[in-house]
Amino acid sequence: MSRLGERFETLAADGRKALNTYIVAGDPSPEVTVPAMHALVRGGADLIELGVPFSDPEAEGPTIQAGIERALAHDVTLADVLDMMSAFRSDDRDTPVVLMGYLNPFLRMGYEAFCKRAAHAGVDGIIVVNLPAEEAGTFRGALHRRHMDLVLLVAPTTTAERAAYIAAQGSGFLYYVSYKGVTGARRADARAVAKRLTEVRAAARGLPVLVGFGIKDGASAAGIAPHADGVVVGSALVETMGCTAAASIPDRLQAQVREIRDALN
Amino acid sequence: MPSSNRIPYEAPTEEGRFGDYGGRFVAETLIHALDELTRLYVSVSQDPGFQAALAQELKDYVGRPTPLYRADRLTEHAGGARIYLKREDLNHTGAHKINNTVGQAMLASRMGKTRLIAETGAGQHGVATATVAARLGLECQVYMGSEDIARQSINVYRMKLLGAEVVPVNAGSRTLKDAMNEAMRDWVTNVDNTHYIIGSVAGPHPYPMLVRDFQAVIGQEARDQCLAAEGRLPDLLVACVGGGSNAMGLFYPFVDDDGVDIVGVEAGGEGLATGRHAAPLNAGTPGVLHGSHTYLMDDSSGQIVETHSVSAGLDYPGVGPEHAYWKDLGRARYTSVDDDEALAAFRVLNQTEGIMPALESSHAVAWTLREAARRPPEDIILVNLSGRGDKDIHTVAGIDGIEV
């Protein structure tokens, strides 16, 4: 079983909701990333989503765009992200890490080459924002051969029939996007999410469902979590990365994640 | 050349594939809207009522058919093959872009959308979108890179006069690709009431197909006009290629005419060797950007690189997936012309024919001048003059050191 599978089993056994935390690799500079990842774990993150910088992040709001630009100012590449991953794994063998990005850097490295290096670096899965289920077959095959998951997304506009199709294609967990829009644009509407999640969880057939987009703090996380298997926090953490002196980032992140973790418990 | 013993060209597949290219690489939120658009488009493309209404609109509002003009003095200047110009510059709003926006606005109305958005580089597509929005009483926002806003101020003001809001995009290279990113972000957010009019044969399925089909009127007319004028088809078609909509519009109706050679001209910028250009088919690699798999300009780690062209409308790192397919098939050849050569052709056409081409179209004219000289006078070259150059007067004057 993959680290993701093990983690969700443990969470389920403990009756806890998953807290998945997103930061951009290389933001605000490459040496901050690995200490920041460890800080997320100390704060109580169950999973880490590590953003792979891309020049044209068409689904991101201004906050994450800015984080990506800070990383790209240091020319952070997918290969660099895998190096950061290896460094993180040398001290943390347990926390599942999923890379999140846009297809072109993965395509440029080549699916096989990427999967080989990623598996070696201890990556557990990937989320590719602009790779819908229909287009994902080849990449998924390469990932599965290396025992990594392809996490797919379901949106508010996804029909129930399609959600079932997506859930069948994906693995690791299912990522439910809480609203129509870009990351960090507004707060998730707990009532709307709750209404939709009944259907999505039925379609997921046991695959854990995590909700992302618009979850900024303990209060919003606690509002959504009862309806899902967990939540994803992104823009709020990237905002912290952008406005904090590099030396203080790990402590600030740890405290921020702790606040959300406590609200979830 | 008989083409009866081969299978007629047919693309894309139901999944929007042109060979390995095309497809639908977008956020999940947009899939439903793309499905809806595809279903509607497939139904109206077989609906005689819709087609008749579109034809009427193209005639009465756009001013079609546009002339196929035999450019004798240009031919004489080049000294070889006979050159014909397909005068898309004579369309309402001054470019081929309106052929597509008229069609897509009709689709938007059928879907009950009350708001149109668009990306624009040179501003021609933005103007064409703002124009149809005004005509139909729809709200309109046009995304435009701040770099392009600076170099296309006339079109920016035109869009405002038409009642559209021009939204400056300050991300990335502040040009067309960034405007397209921002338009996608808007669409993801407002997909319920908004139709995104993509201006080229780019983007996710069904856009490359439907924009091609709406622009194919160019080639259909040109084919008939050439047969009427010369009693035969042209030997060569030439058009500039940024995203590639004017080119595909001209080329597509000739795809099964094996005797007709096809050449697309990309923006060579400061020269392919400098890396400062916008010629992905000449110097790029296949990848995924803005919803489709196609040739694009990226670095070895997959980041999209900044492009350069004197012409804002060609300043784009990707290209329509069907062009990528035709390149690999060998059905078309793709070449490039640099800024200086395009500017020279801009002046030549002004002075030999009294026609001021857009800087985009000047790339096609420039390559034609080269090629015509190599061909005998019996050969016919048909060039798509995709737009007029009024919008570029500031750019050209600036190069001449003149303030206008």
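Predicted model: local features only at pLDDT ≥ 70, side-chain atom pairs only at ≥ 80, totals over all residues.
For these notes I count Ala, Val, Leu, Ile, Met, Phe, Trp, Tyr, Cys and Pro as nonpolar, Asp, Glu, Lys and Arg as charged, and the others, Gly among them, as polar.

**Second largest pocket.** I looked up the classes of the lining here, and I found eight nonpolar, eight polar and seven charged residues. The space in this second largest pocket comes to about 440 Å³. I noted 23 lining residues, and those nearest the centre are A:Ser55, A:Leu72, B:Lys177, B:Gln303 and B:Ile304. When I asked which elements give two or more residues to this lining, I found α3 (62–72) of chain A together with α8 (176–190) of chain B.

**Largest pocket.** I then turned to the largest pocket, which holds about 510 Å³ of space. I found that 19 residues line the largest pocket, with B:Glu14, B:Glu15, B:Arg24, B:Thr38 and B:His205 closest to its centre. Sorting this lining by class, I wrote down ten charged, six nonpolar and three polar residues. Helix α1 (residues 31–45) of chain B gives the largest share of the lining, namely five residues.

Last, I looked at a nonpolar surface patch of about 260 Å², which is made by B:Ile393, B:Ile402 and B:Val404. I placed B:Ile393 in helix α16 of chain B, which covers residues 393–399.

Terms used
Residues numbered from 1 in each chain as written. Chains lettered and ligands numbered in written order. Heavy atoms only, no water. Patch = residues over 30% accessible without salt bridge, like charges linked within 9 Å, V, L, I, M, F, W, Y side chains within 5 Å. Areas by Shrake-Rupley, 256 points an atom, 1.4 Å probe, with all protein chains shown as cover. Salt bridge = Lys/Arg side-chain N within 4 Å of Asp/Glu carboxyl O. Helix = DSSP H or I, 4+ residues; strand = E, 2+ residues; numbered from the N terminus. 1 Å grid on protein atoms, 1.4 Å probe; cavity = no way out; pocket = protein on both sides within 12 Å on 5 of 7 lines; lining within 4 Å. Points joined across faces, edges and corners; volume = space filled by probe spheres on them.
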